[in-house]
Amino acid sequence: MKMAMNKLLKIVPKPLHPRSQFTPPTASPSLIPSTPIPTLSLAKTSHHQLHEFVKAHLTPSFTPRDLLIFLKNKLHYHPKFAHFDLHIFAWASTIDSFRHDHSTYEWMVKTLAITDRFDDLHSLLQGMVSNPCPCSDGIFSCPRSEPIFRFALNAFCRVGRLDDAEIAFESMRRMIDGKPSVAMYNILINGFAKCREHEKAMNVYQKMTKDRVKPDVFTFNSLISGCCRNSLFGLALEMFKEMKDKGCSPDVVSFNTLIRGSFRERKFEEGIGMAYEMLELGCEFSNVTCEILVDGLCREGRVLEACDLLIDFLEKGALPNGFNYVLLIEALCGEENVHRALEVVDQLWRKGNAPSSISCTTLIEGLRRFGKTEEAFQLMEKMLREGILPDSVTCNCLLQDLCEVGRTSEANELRLLASTKGLDSDGMTFNILVTGYSREGKRKEGKHLLDEMLDLGFIHDLASYNRYMNGLSAF
């Protein structure tokens, strides 16, 4: 163990040592290069302290389990030595009596991936191929090899290091028994699709079929998404057909991707047809499905068509609960068609699809803008009774409109209803109502509000109170 510790001191990197990739040593410790220097300066880190730290927690002839416990529970949380994890891992490889197993490989692979040390991760995987787990000494490979490579493959694809992902995939194929699982192919296909490398994604798919690995719905969804990302909508439809021919049932993601792709290509009828095909196949809409359809049609100025489509879905029982149709309300109000917007909200509400608070306040603002105070008042009252709270600004603006047309008493009743539902009045609310009562000459009602303002702390001095009272007395 003492000789091993001396090796450890030799391999700890010096300050400003040039970066190089990690390769597990097969002969001598001099083959172990350094990793990038982290935020803690190595010049301030005592080699002797590291030596004593390792010596205190790793006994002679330690096992892979001992090393794993040390790496996970001791080194990983150490404020000064945590960044030496790969060096300790490499140092352990130089000890004659020690050999890494899948548990230490898995921990190191996950640590490097999570901390974005991808150059070292690439080298470690190659070292794992050269120095496999002891489980592979027999006729079968280690059963943990594929899960380890799967984690690394996901990490490479996540940051767009697709060349490293391909190399890792091929290395894994050489290590495991039989064929890779469909999940491994899917990770690589999805990585290429997201990076718009459609041809490479198709090459992996062809390799997959050649290996007689049955593709699943995730495989086809990734390929369809890749086609749509590259404006290959025709090819996306072909992949969709092949998906069904191979007995793979499309899901809501498949349809959403195709609908979005068709709208992007301005093929609106095909996209709407896809939505109805979903219903025929018994595939339920998601909120995303409806958002794609409504937003796509509204952006093209086909707002009324979007309304009719939504109502038709509602009649067929296909509209998902909780769908927020604020985009449609905004579009209708933007076209000055608030009457139709009110009809749509009423129809959906009666069928159990209550609008969101944002949808209601958007419609209320539209009604106010076109002088439909009564309709806005009724909508506000209904939403409050249903427990849908507006924001205080919208509420105060509507109270102001009511007061300006001599309906201050109704405005105050609306305020009281809002208070019982949890929307507290603010100083602006009281000011609007007191001014309204002053304008209508209702001194008694105005004084009640002033007393309430005093109790709530909205009037801070006698001068302010007298000013309000003078306003009530002036009419």
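Predicted model: local features only at pLDDT ≥ 70, side-chain atom pairs only at ≥ 80, totals over all residues.
Trainee: Which elements give two or more residues to the lining of the largest cavity?

Mentor: Helix 21 covers 392-404 and helix 22 covers 408-420. The elements that reach two or more residues are helix 21 and helix 22.

Trainee: How many residues does helix 21 give to that lining?

Mentor: Helix 21 gives the most to the lining, and its count is four residues.

Trainee: What is the volume of the largest cavity?

Mentor: A search of the whole structure finds four cavities of 30 Å³ or more. The largest cavity has a volume of about 70 Å³.

Trainee: How do the axes of helix 9 and helix 11 run, roughly parallel or roughly antiparallel?

Mentor: The axes of helix 9 (residues 182-194) and helix 11 (residues 217-229) come within 9 Å and cross at roughly 10 degrees. Angles under 35 degrees count as roughly parallel. Therefore helix 9 is, relative to helix 11, roughly parallel.

Trainee: How many nonpolar, polar and charged residues make up the contact of helix 9 with helix 11?

Mentor: From helix 9 come V182, N186, I189, N190, A193 and K194, which meet F218, T219, S222, L223, G226 and R229 of helix 11. Gly counts as polar here. The contact residues divide into five nonpolar, five polar and two charged.

Technical notes:
Residues numbered from 1 in each chain as written. Heavy atoms only, no water. Axes fitted to C-alpha atoms, helices over the stretch in contact; angles between N-to-C directions. Parallel < 35°, antiparallel > 145°, perpendicular 65-115°, else oblique. Contact = heavy atoms within 4.5 Å. 1 Å grid on protein atoms, 1.4 Å probe; cavity = no way out; pocket = protein on both sides within 12 Å on 5 of 7 lines; lining within 4 Å. Points joined across faces, edges and corners; volume = space filled by probe spheres on them.
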